[in-house]
Amino acid sequence: MKLVHPPRADHEVAVPAAERDPSPSRKLLWEAGILVLLVLALIFVAPTVLSGFRLNLLGRFLALSIVALGIDLIWGYTGMLSLGHGVFFALGGYALGMHLKLQLPEGQIPEFFSLYGVTELPWFWYPFYSFPFTAVAVVLIPALVAAALGYLVVRNRIRGVYFSILTQATTIIFFNFFNGQQRLINGTNGLTNFQTLFGLDVNSSEMRFAVYVTTVVAVVLAYLLCRWLTSGLFGRILVAIRDDEPRVRFSGYDPTGFKVLVFAVSAALAGIAGALFTLQTGIISPNAMAVPFSIEMVIWVAVGGRASLVGAVLGALLVNFAKSLLSENFPEIWLFFQGGLFLLVVLVLPDGLVGWVRTQGRQLWVTVQLWRRRLANTSPA
Amino acid sequence: MLTAAPTATRQILQTQDLTVSFDGFKALDRLNFSLEEGELRVVIGPNGAGKTTFLDVLTGKVKPTRGRVLFKGKDLTKLKEHEISILGVGRKFQTPRVYQNLSVRENLELSLNPNKRVFPTLFGKKHLREETDALLETIGLSHKDRVPAGLLSHGEKQWLEIGMVIAQDPDLLLLDECVAGMTDKETEATGELIQSLAQSHTILVIEHDMVFVRQIARKVTVLHQGSVLCEGTFEDVKNDPRVIEVYLGSHKAKN
Amino acid sequence: MTLLLDSLFNGISIGTVLLIAALGLAIVFGLMGVINMAHGELMMLGAYTTFVVQNAFRPLGDPWRDLYIFPALVAAFAVTALVGLALERGVIRFLYGRPLETLLATWGVSLILQQFVRSVNWVLALRLGAFAVLFFGGWWLLSRRADWPRLKGWVLTLLLLLSTAIAAVGGRVLAQTYALAVTQPWFGAQNKDVTAPRWLGGGIPVGNLFLPNTRLFIIALTILCILGLYFFLQRTRWGLRIRAVTQNRAMSACVGIPTQKVDALTFAIGSGLAGVAGVAVSLLGSVGPNTGQNYIVDTFMVVVVGGVGKLLGSIVAALGIGIANFVIGSGTLALIFPNVPILTDTLNFFATTSMAKVMVFALIVAFLQVRPRGLFPEKGRTVDA
Amino acid sequence: MRRPMNTENATATQNLSRDGSGPLLEVSDLRVYYGQSLIVKDLSFKIFPGQAVCLLGRNGMGKTTTLKALMGLLKDCTGKIAFEGRPINHYPPNWRARAGIGYVPQGREIFPRLTVEENLLVGLEAAPNKERIIPEFIYDLFPILRSFLKRLGGDLSGGQQQQLAIARALVAEPKLLLLDEPTEGIQPSIIIEIEEAITRIQKERGVSVLLVEQYFEFAQSLADYFYLMENGSLIMEGPTDQMDEEKVRAHLSI
Amino acid sequence: MALSFNRRQVLKMGALAGAGAALGPQIWVKRSVPAYAQGETIRVGILHSLSGTMAISETSVVDAEKLAIKEINAAGGVLGKQIEPIIEDGASDWPTFAEKATKLIDVDKVATVFGCWTSASRKAVLPVFESKQHLLWYPVQYEGQECSKNIFYTGAAPNQQIEPSVEWLLKNKGKEFFLVGSDYVFPRTANTIIKAQLEALGGKVVGEDYLPLGNTEVTPIISKIRAALPNGGVIYNSLNGDSNVAFFKQLKGAGLGPDRYPSMSVSIAEEEVQAIGPEFLEGHFAAWNYFMTVDTPANKKFVEAFKAEYGQNRVTNDPMEAAYIMVYIWKQAAEKAGTVEIDAVRKAAYGQTFDAPEGLVTMNTNHHLTKYVRIGQVRSDGLFDVIFSTDAVEPQPWNQFVAETKGFACDWSDPAKGGRYKVS
């Protein structure tokens with residue numbers, strides 16, 4: 001085939017040096033180093049610095065950051081804004097919660113059933129006696145629900161805000177269902193008052209620390225999973241779907257499969273987060289499926305910075321700590337701050353904190369370069 | 001990468017009574033069109049003649065109200081966009097549609113991927129480096145391989161998109177006004193590229209720029225109000241009185 | 001037959017409430033593509049306005065106190081339209097073309113509005129007022145100076161700090177001087193009592209059926225709103241402008257339509273309709289900080305099922321959802337199939353209001369499988385695949 | 001083939017404004033960006049009252065971009081645009097329309113779901129007086145529109161839409177009419193009607209016209225003065241009757 | 001670097017600062033008021049929803065608790081120290097309740113916590129209080145079937161509200177009941193009890209329906225009531241919050257008045273009547289331990305103090321009274337124990353009596369109060385005419401109409417008995 005070299009356009013844009021990535025392998029090394037340091041800090045330094053209460057909060061928020069990673073995966077990278085992740089979060093939480101409620105002597109059923117005169121354990125509870133089954137269920141149930149829902153919605157090319165609105169409606173369906181089924185799953189009160197796991201007291205400090213470490217490890221694994229998904233060819237396709245979905249079809253890809261898979265993975269992450277969160281707060285209730293919670297999740301990602309995994313984690317931690325501190329200090333009016341934060345982020349920091357740091361950093365870099373060049377030019381040869 | 005040109009000519013694409021109407025307005029009106037394998041065909045016609053709608057139907061973006069499209073014996077109107085693409089129809093859009101946030105290299109890799117289903121894409125081993133390099137060379141963007149496509153100039157985007165279509169290794173290439181916004185030299189280079197591609201592909205070009213049409217055309221089809229007005233060599237078409245009336249005529253008439 | 005009539009009337013009753021709540025949203029979402037999550041809170045403001053107007057009319061005695069509903073409609077429209085206007089100018093206009101961002105921003109606004117009605121008292125109101133007067137007034141005065149562009153940055157910073165400080169200190173002094181009188185919330189977190197005028201109290205018995213006047217009033221109000229909206233969009237100059245901008249914003253600007261004003265007006269009208277809906281729901285339900293939250297998802301469903309940008313679609317969708325809600329929730333369906341035990345059991349399982357909602361939403365998702373773009377989708381070239 | 005612009009010659013001819021007043025539109029050093037790429041480079045030209053000026057050039061040379069910038073549709077512009085001596089860079093399109101610039105975009109862009117009458121009424125938005133009556137001369141120019149008043153704009157054929165688009169720009173009686181390739185894809189018979197209409201409004205009503213074209217003959221018969229544009233810059237200009245046909249044709253595609 | 005702003009930035013900053021100006025100092029005022037609290041104080045936690053759906057009910061309970069603390073402080077405090085309330089917002093979100101409870105105990109080191117309204121929030125904080133061996137005071141009537149060592153319940157147990165009211169209805173208003181409730185635990189449990197009770201006493205449930213919390217469309221329910229009770233009957237109503245407003249407005253709109261369809265509500269008190277509008281409720285009934293119109297000297301004092309503190313238009317109600325009581329009982333227990341140490345206070349609380357607005361109440365060893373049951377009928381001014389009242393009723397946390405708990409009781413003063421033991 002004949003090779004043709006088109007002439008360069010006259011008005012060619014000079015590519016700034018910053019746009020060219022540094023060597024990928026070196027970048028990867030840096031990233032791995034930072035990650036290891038952070039994990040070590042979280043596991044060994046944080047417990048000595050923070051009080052038990054704050055450490056527990058940190059653990060919870062780390063669990064929430066796993067949902068944020070999932071949201072970032074579908075929203076930041078794939079452009080699907082889900083307002084229904086509370087459902088998947090709660091499903092994961094319920095799966096583990098059921099297992100915890102079944103840590104009972106033979107023949108007993110969880111105490112709340114007596115409130116409604118239920119004497120026989122409903123059938124779907126039985127598999128949750130098994131921890132392996134529970135562990136799989138925490139991941140798979142949300143993933144399967146998401147895959148089914150995602151398939152129904154995505155198949156019809158329902159996108160953008162319609163997708164968001166439908167996912168929001170899903171939260172109402174699940175909320176009402178879980179809320180109404182007292183005799184099956186204890187309704188509004190949810191599952192609470194957990195005592196033991198693996199025969200150990202869930203409220204003991206050793207157990208709490210173990211759960212905390214598990215959470216840290218889970219965050220790292222979730223981060224690595226998302227990193228893997230978003231970095232390769234697969235990740236490119238996600239970005240392509242976000243930017244121009246019809247074009248992707250003409251490139252020979254069926255976006256449906258990709259979107260369903262990513263949605264399911266993201267739901268699975270939410271399920272894991274829900275399980276870890278439930279373990280640390282000691283309660284899972286239909287409230288986790290209420291509309292506001294799912295929207296808050298999106299806000300974490302928006303604050304941190306879309307399409308940035310670090311941003312998602314950071315956003316989840318910062319927003320939740322801010323919410324905790326604000327509501328402690330201004331219990332009566334902290335909603336003003338929360339609402340204000342949403343507005344502020346959308347209007348002033350459209351790319352979130354990470355985006356802001358990036359642009360500021362780039363500007364600083366350019367300024368420094370210019371300055372250095374000027375110095376070099378003025379200095380006598 | 002490229003299939004050998006067939007020795008015997010046979011029809012690769014055929015449309016039968018293709019009709020598309022939007023709210024009563026007929027964008028295509030009983031269009032009968034056929035293309036032989038290995039052919040380079042140029043389709044011209046005034047704005048609103050249905051050229052882009054024609055490509056929309058071929059690529060599955062628009063479903064026809066009536067009629068069939070046979071590509072390699074399969075009816076395309078029943079297939080979805082990506083199925084048509086996998087079957088071997090590649091399309092370059094009128095305004096370049098490249099993935100702005102992906103680099104030039106990534107854009108090409110995405111199109112080169114041999115198996116485009118979900119799991120093979122995720123787990124498949126990819127040795128696409130050499131092919132990508134070769135393709136970058138072909139479209140003259142080797143020096144910009146890591147630049148986000150959104151930062152390319154208009155002409156470069158056009159080239160990148162042509163590259164993406166070539167990467168799909170289609171049997172039928174659909175090029176919709178691919179030299180719009182290019183300089184003379186770029187246009188000329190594009191023409192050469194298309195001619196070299198034509199040695200191994202069937203190509204359908206939709207064009208406006210008559211200089212360019214003259215450069216590349218072997219056989220020209222004129223569309224008018226959704227159906228074929230006439231077909232022939234560039235000279236034939238240029239001198240056809242019907243064409244002169246609807247298309248070129250406005251200018252000749254005054255002279 | 002009675003069953004059918006009963007279902008029909010009750011379904012329509014439920015549907016019209018949904019419809020009137022969704023009308024404003026249909027405008028804002030359908031015509032402007034803005035996802036206004038604060039729509040419910042605008043309804044809430046409308047309901048609070050009704051409460052205020054009602055209390056203002058109460059001391060006037062008969063017959064005036066029973067006519068409050070009409071000025072309340074006007075006032076609710078005005079108040080929410082103004083808030084909508086402020087919202088559009090202050091927030092939405094920076095976010096056109098980014099529907100997901102409007103969704104998040106307006107969610108923030110909805111939180112602020114909810115807390116606002118809980119917390120608002122004289123101190124807060126006067127502080128906000130004082131700040132607005134000082135800051136924007138100062139801006140306005142100073143911006144007429146010739147050297148304004150040079151001074152701008154500094155003056156505004158100074159003005160900001162100064163008016164903040166004055167508002168803060170003023171509020172503090174006020175709070176200490178008058179104590180409870182000014183620090184007591186106007187509304188507080190509790191629900192407020194809005195009572196329908198006495199002439200809306202009864203109803204019309206039709207055979208076994210009883211048509212409550214409030215319901216009939218809301219049905220009439222909804223019809224009036226739709227007709228008014230139709231007339232406005234089709235027959236007035238501003239309506240024409242709105243339709244033009246909806247179809248082609250850039251070209252509308254090029255023929256001289258002030259698109260920003262059109263945006264603001266469209267949003268204000270959508271918001272004003274939310275206010276009117278607020279009056280309507282105050283006759284049926286609670287008036288409290290959470291009033292709006294109860295409607296937001298349902299109204300979005302109406303718009304989505306109807307097909308965006310189509311008033312007729314919203315109407316049909318609202319009535320359809322209303323009837324489905326009633327028929328499932330009241331167990332009427334089970335009565336229709338008395339001899340099919342499995343079906344009856346299933347239907348009875350869903351025959352509480354709570355589970356009916358689950359069922360209706362599930363049906364909506366199923367419906368969208370068949371008609372992904374709603375009942376009356378936009379046709380033609382404009383639709384992107 | 002590129003030659004530096006003969007500025008002396010340009011000023012000389014350009015000063016031949018009919019009544020000796022200043023330019024209606026004066027563009028100096030206009031630069032327009034699309035994202036990061038510079039589409040229009042340091043463009044300067046003038047249009048005098050009553051003059052018909054044509055901007056020639058092939059597809060993609062920046063002609064349409066220039067018109068959009070003049071109309072205020074593009075944000076990333078530098079340089080100066082003065083209308084009747086007043087800089088209008090910072091005014092939005094609707095202000096410019098009301099100031100007296102009518103715009104007929106490429107592809108017509110009529111409002112498909114408004115009737116023909118409503119399309120014309122919308123055009124009146126730019127009219128200085130508040131009356132909402134479609135002036136008679138419109139039906140005089142395009143008689144066909146009167147019979148289509150109640151039809152939807154989207155139902156008209158291409159040529160009819162083009163006439164409607166021009167009529168829509170004219171109802172407000174602008175001082176300057178910007179026309180972007182009005183012949184594109186239009187049947188010859190209608191092109192002749194359009195050409196006549198444009199000539200009439202220029203000659204009879206004194207409307208200045210800025211025409212963007214890639215077809216030589218149409219431009220030649222309509223315009224008094226031409227500019228030739230290539231890759232975002234002006235490379236040639238002069239009165240149409242002194243136009244060096246060969247050289248200009250070399251830069252156009254046909 | 002030159003400081004330059006564009007218009008938009010300044011506008012945004014202006015808006016922010018405006019919000020700050022309006023709110024900031026308000027916070028500051030609130031926080032700086034207890035100047036007396038800066039020395040040696042005893043901290044107590046107040047944990048209710050100040051935002052979210054439950055704020056409607058819970059904010060006035062906070063008012064009552066603050067009033068009691070203020071009165072106690074004015075009278076010299078507890079053990080010679082002032083009480084410093086630490087207020088936290090549970091935000092109608094149960095995990096948040098658990099979080100804030102932990103914070104109050106671990107970070108603020110409060111002596112005790114007053115709080116919660118919904119059963120769900122109580123269930124959420126229960127493990128926290130149990131694992132930390134701390135103490136919660138809970139002021140709302142609830143479904144029973146619980147008796148924690150770490151909670152004192154000062155609202156009514158079912159046998160102090162629901163059961164007597166059902167008996168009264170059977171005696172006076174008819175035997176056919178339609179049960180309406182919000183879709184959550186209390187109404188569902190309450191209705192389970194009512195059904196068991198009616199079965200035992202010869203009544204009949206003709207239908208029941210549940211509304212999602214916050215739902216205001218009750219047309220299907222009214223339609224069902226009309227179908228099930230064509231000639232009138234009793235509506236037993238355990239709807240909560242917003243739904244009540246919709247229910248009574250639309251009930252009246254549909255022409256179902258208290259003459260033929262008398263309703264008994266267990267979640268509607270004076271505040272709710274005000275919010276719904278007295279004209280919709282006039283003639284209907286409610287069962288509580290306390291009404292604002294109760295004629296006791298203690299109540300007179302309570303109502304006056306409350307109005308003086310929060311405004312003449314405010315009303316008091318049963319949960320507020322229960323909240324008021326529990327602060328005083330805690331104070332008495334702490335003084336009896338001579339310390340605020342948890343276990344000592346708990347033991348000292350048994351047998352404490354208090355001359356409450358509703359009458360003389362006693363804290364039992366089963367952590368519940370002996371209370372008076374009253375039935376009120378709504379008057380046109382929105383207050384209640386007390387038309388029926390009992391003597392003090394002993395609380396039964398374990399319900400005697402439900403098979404699983406029949407015969408069980410609770411006694412924390414005896415380590416051998418504990419939270420749930422079979423009465424021999």
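Modeller: Between them, chain C and chain E bury about 4,800 Å², with 58% of this on carbon and sulfur atoms, where buried area is the accessible area (1.4 Å probe) that two parts lose on being put together, summed over both. This is a predicted model, in which local features need pLDDT of at least 70 and side-chain atom pairs count only at pLDDT 80 or more, while totals for chains, interfaces and linings use all residues. Residues are numbered from 1 along each chain as its sequence is written, chains are lettered from A and ligands numbered from 1 in the order in which they are written, and side-chain values use heavy atoms, with hydrogens and water left out.

The contact, meaning heavy atoms within 4.5 Å, draws 60 residues from chain C and 63 residues from chain E. Among the eight pairs of chains that touch, chains C and E have the most contacts. By the rule for a salt bridge (a side-chain nitrogen of Lys or Arg within 4 Å of a carboxyl oxygen of Asp or Glu), the count between chain C and chain E is one. That salt bridge pairs C:Arg58 with E:Glu279, whose closest N and O atoms are 4.0 Å apart. Six residue pairs, both residues at pLDDT 80 or more, are in polar contact across the interface of chain C and chain E; a polar contact is a pair of N or O atoms within 3.5 Å, where within protein one must be able to donate a hydrogen and the other to accept it, and residues adjacent in sequence count only if both atoms are side-chain atoms.

On the side of chain C that touches chain E, the elements giving two or more residues include α1 (2-32), α4 (99-119), α5 (122-142), α6 (148-178) and β2 (209-212) of chain C; helices (H or I, at least four residues) and strands (E, at least two) are DSSP runs, numbered from the N terminus. With 10 residues, α6(C) gives the most to this side of chain C. The residues of the side of chain C that touches chain E divide into 25 nonpolar, 24 polar and 11 charged, where Ala, Val, Leu, Ile, Met, Phe, Trp, Tyr, Cys and Pro count as nonpolar, Asp, Glu, Lys and Arg as charged, and the others, Gly among them, as polar.

Chain E has no contact with chain D, their closest C-alpha atoms lying 15 Å apart, and chain E does not touch chain B either, the nearest C-alpha atoms there being 27 Å apart.

Within chain E, E:Leu104 lies in helix α3 (residues 94-106) and is buried, with a relative accessible area of 0%; buried means under 20% relative accessible area, exposed over 50%, and partly exposed in between (1.4 Å probe, protein chains only). Leaving aside neighbours within four places in sequence, E:Leu104 is in contact with residues including E:Gly45, E:Ile46, E:Leu47 and E:Val113.

For another interface, chain A and chain B bury about 4,300 Å² between them, of which carbon and sulfur atoms give 64%, and the contact takes 40 residues from chain A and 50 residues from chain B. Across the interface of chain A and chain B the rule finds five salt bridges, including one in which the side chains of A:Arg236 and B:Glu109 meet at 3.6 Å, N to O.
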